[in-house]
Amino acid sequence: MLILRNSKDHEIDFTNVDLAKRYYMFSKNDIDDITCGFDDDYKNDICERIKNYNDDLKSCESMDDIANILNLYTDELGNGSIFSVDEI
């Protein structure tokens, strides 16, 4: 069995692809919270990046795919964590 691990949040790990995708995707409320107070141009830019991130995450079919996407966006939209997949 494969497990998705997070280098900063050790208590958060996943063995189910769909649960991991749902957990890491941004919701409408998340986006509203993130973009609150920004001007329209910056808000649109962030929304576009989050849309691309969510779309990339939706297309993931494996834990390795998820780890790759999360690592790709971690500095921009995450907390700088490094994601890895281990066999348990």
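Thr 35 is buried, with a relative accessible area of 3%, where buried means under 20% relative accessible area, exposed over 50% and partly exposed in between, using a 1.4 Å probe and protein chains only. Thr 35 sits in helix 2 (residues 28-35); helices (H or I, at least four residues) and strands (E, at least two) are DSSP runs numbered from the N terminus. Leaving out residues up to four places away in sequence, Thr 35 touches Lys 43, Ile 46 and Cys 47, a contact being heavy atoms within 4.5 Å.

A word on the source: this is a predicted model, in which local features need pLDDT of at least 70 and side-chain atom pairs count only at pLDDT 80 or more, while totals for chains, interfaces and linings use all residues. Residues are numbered from 1 along each chain as its sequence is written, and side-chain values use heavy atoms, with hydrogens and water left out.

Now let us step back to the whole chain. Four helices and two strands make up its elements, and along the sequence they follow the pattern β-α-α-α-α-β. The C-alpha trace spans about 45 × 25 × 20 Å along its principal axes. Of the 88 residues, 30% are buried. Among contacts with a separation of 6 or more, 55% come from residues 24 or more positions apart.

Ile 50 is buried, its relative accessible area being 0%. Setting aside neighbours within four places in sequence, Ile 50 is in contact with Phe 26, Ile 31, Ile 34 and Leu 77. Thr 15, by comparison, is 35 residues from Ile 50 in sequence and 24 Å from it in space, C-alpha to C-alpha.

Next comes helix 1 (residues 17-24), where Ala 20, Lys 21 and Tyr 24 are buried. These residues lie on the same side of helix 1 because they cover an arc of only 100 degrees around the axis, the arc being that of the directions from the helix axis to the C-beta atoms. In general, an α-helix has 3.6 residues a turn, so residues three or four places apart point the same way. The buried residues of helix 1 pack against strand 1 (2-6), helix 3 (40-58), helix 4 (63-77) and strand 2 (83-87). At the N-terminal end, Asn 16 caps helix 1, with a side-chain oxygen 2.9 Å from the backbone nitrogen of Asp 18.

Over in strand 1 you will find Asn 6, which counts as buried at 6% relative accessibility. A polar atom of the Asn 6 side chain lies 2.9 Å from the backbone nitrogen of Lys 8. The side chains of Asn 6 and Ser 81 are joined by a polar contact of 2.8 Å, that is, a pair of N or O atoms within 3.5 Å; within protein, one must be able to donate a hydrogen and the other to accept it, and residues adjacent in sequence count only if both atoms are side-chain atoms. Beyond neighbours within four places in sequence, Asn 6 is in contact with Ile 12, Tyr 24, Ser 81, Ile 82 and Phe 83.
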